[in-house]
Amino acid sequence: KSACEYVHVCACTCALSAQDGEKVLRDEECAPHSQPWQVALFERGRFNCGASLISPQWVVSAAHCQSRFMRMLLGEHNSAQARRPGLFLVSSLIPSHEARSHRQDVMLLKLARPARLTRQVRLVALPRRCPRAGEACVVSGWGLVLLSGVSLPDTLHCANISIISTDSCNKEYPGRLMNTMVCAGVEGGGTNSCEGDSGGPLVCGGVLQGIVSWGDVPCDTTTKPGVYTKVCSYLEWIRETMRRN
């Protein structure tokens with residue numbers, strides 16, 4: 001039996017994004033199932049965003065990935081597996097909303113039934129502290145890769161990047177960063193999140209520290225780091241939302 005699951009979702013969202021929020025990864029193909037918490041979000045059968053499984057019945061993503069007709073794919077390395085029949089979004093909850101803003105770019109999706117955890121479908125831990133500058137991380141997604149042109153890859157890609165200090169990132173994006181954001185990349189650029197992987201995980205030491213949110217465009221040539229929703233800023237909201245729902 002395939003580890004892939006499509007599930008109903010209930011969306012609990014904080015905010016929508018600005019137009020430049022379509023960011024994701026471009027690098028090498030991940031070892032299959034090395035990121036077992038990775039989720040693919042689809043809208044009307046078309047890949048839309050990434051997400052992360054944080055409990056058997058809850059997924060976290062970026063709020064700007066919100067859409068009316070969502071379904072999810074779990075436990076697959078190849079997003080083309082989404083062609084199999086699936087179940088659709090049944091309801092949504094929006095606790096706060098800032099249109100066209102990244103100030104609260106986080107969204108919780110509730111599965112209508114708990115996912116069956118397997119070797120290919122696992123939970124990613126929530127952080128107990130905020131990320132530190134220089135910390136090694138992995139960002140993953142099905143977004144644009146350097147040589148793929150306008151086509152999104154079918155297979156999951158990964159990049160090794162590091163947390164960038166707030167001071168350094170403020171120099172790259174003066175006046176745009178909030179304390180709910182964290183930057184990550186590599187010195188000199190060339191490895192970053194890119195278009196198509198919004199909502200996907202930034203995992204540092206096995207812990208979900210960031211959610212792909214926004215960055216400089218075009219992302220395949222920029223030397224600036226990517227900007228991620230800082231998960232530690234939303235721990236109370238995440239836990240309270242899951243408890244109440």
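Predicted model: local features only at pLDDT ≥ 70, side-chain atom pairs only at ≥ 80, totals over all residues.
**Confidence**

I looked first at pLDDT, the predictor's confidence in each residue on a scale from 0 to 100, and found it lowest in strand β7 (residues 91–96), at a mean of 42, and highest in strand β12 (residues 201–204), at 98. Strands here are DSSP runs of E with at least two residues, helices are runs of H or I with at least four, and both are numbered from the N terminus. The average for the protein is 79, and 72% of the residues score at least 70. Residues 1–10 fall below 50, although this stretch has 57 contacts in the model beyond near neighbours in sequence, a contact being heavy atoms within 4.5 Å. Residues 85–96 are also below 50, with 40 contacts counted in that way.

Residues are numbered from 1 along each chain as its sequence is written, and side-chain values use heavy atoms, with hydrogens and water left out.

**Salt bridges**

I counted three salt bridges, each needing a side-chain nitrogen of Lys or Arg within 4 Å of a carboxyl oxygen of Asp or Glu. Glu-135 pairs with Arg-129, with the closest N and O atoms 3.0 Å apart. I place Glu-135 in the loop between β8 (106–111) and β9 (136–141), where its relative accessible area of 15% makes it buried (buried is under 20%, exposed over 50%, partly exposed in between, with a 1.4 Å probe and protein chains only). Arg-129, at 31%, counts as partly exposed. The side chain of Glu-135 also has a polar atom 2.9 Å from the backbone nitrogen of Arg-132. Leaving aside neighbours within four places in sequence, the contacts of Glu-135 include Ile-161, Ser-162, Ile-163 and Cys-204.

In helix α2 (residues 235–244), I find Arg-243 and Glu-240 three residues apart, which means about one helical turn between them, and their side chains meet in a salt bridge at 2.6 Å, N to O. Glu-240 forms a salt bridge with Arg-244 as well, the closest N and O atoms being 2.6 Å apart. Glu-240 is partly exposed at 27%, whereas Arg-243 is exposed at 59%.

**Aromatic pairs**

I counted three aromatic pairs, taking rings of Phe, Tyr and Trp (its six-membered ring) with centres within 6.5 Å, where planes under 30 degrees apart are stacked, over 60 edge-to-face and the rest tilted. Phe-42 and Phe-47 have ring centres 5.8 Å apart and planes at 75 degrees, so I log the pair as edge-to-face. Phe-47 and Trp-142 are also edge-to-face, because their planes stand at 70 degrees, with centres 5.9 Å apart. Since Phe-47 lies in strand β4 (residues 46–55) and Trp-142 in the loop between β9 and β10 (157–164), this pair ties together parts 95 residues apart in sequence. Trp-142 is buried at 1%, and Phe-47 is buried at 16%. Ring pairs link Phe-42, Phe-47 and Trp-142 into a cluster.

Methods
Polar contact = N/O pair within 3.5 Å; in protein donor to acceptor, adjacent residues only side chain to side chain.
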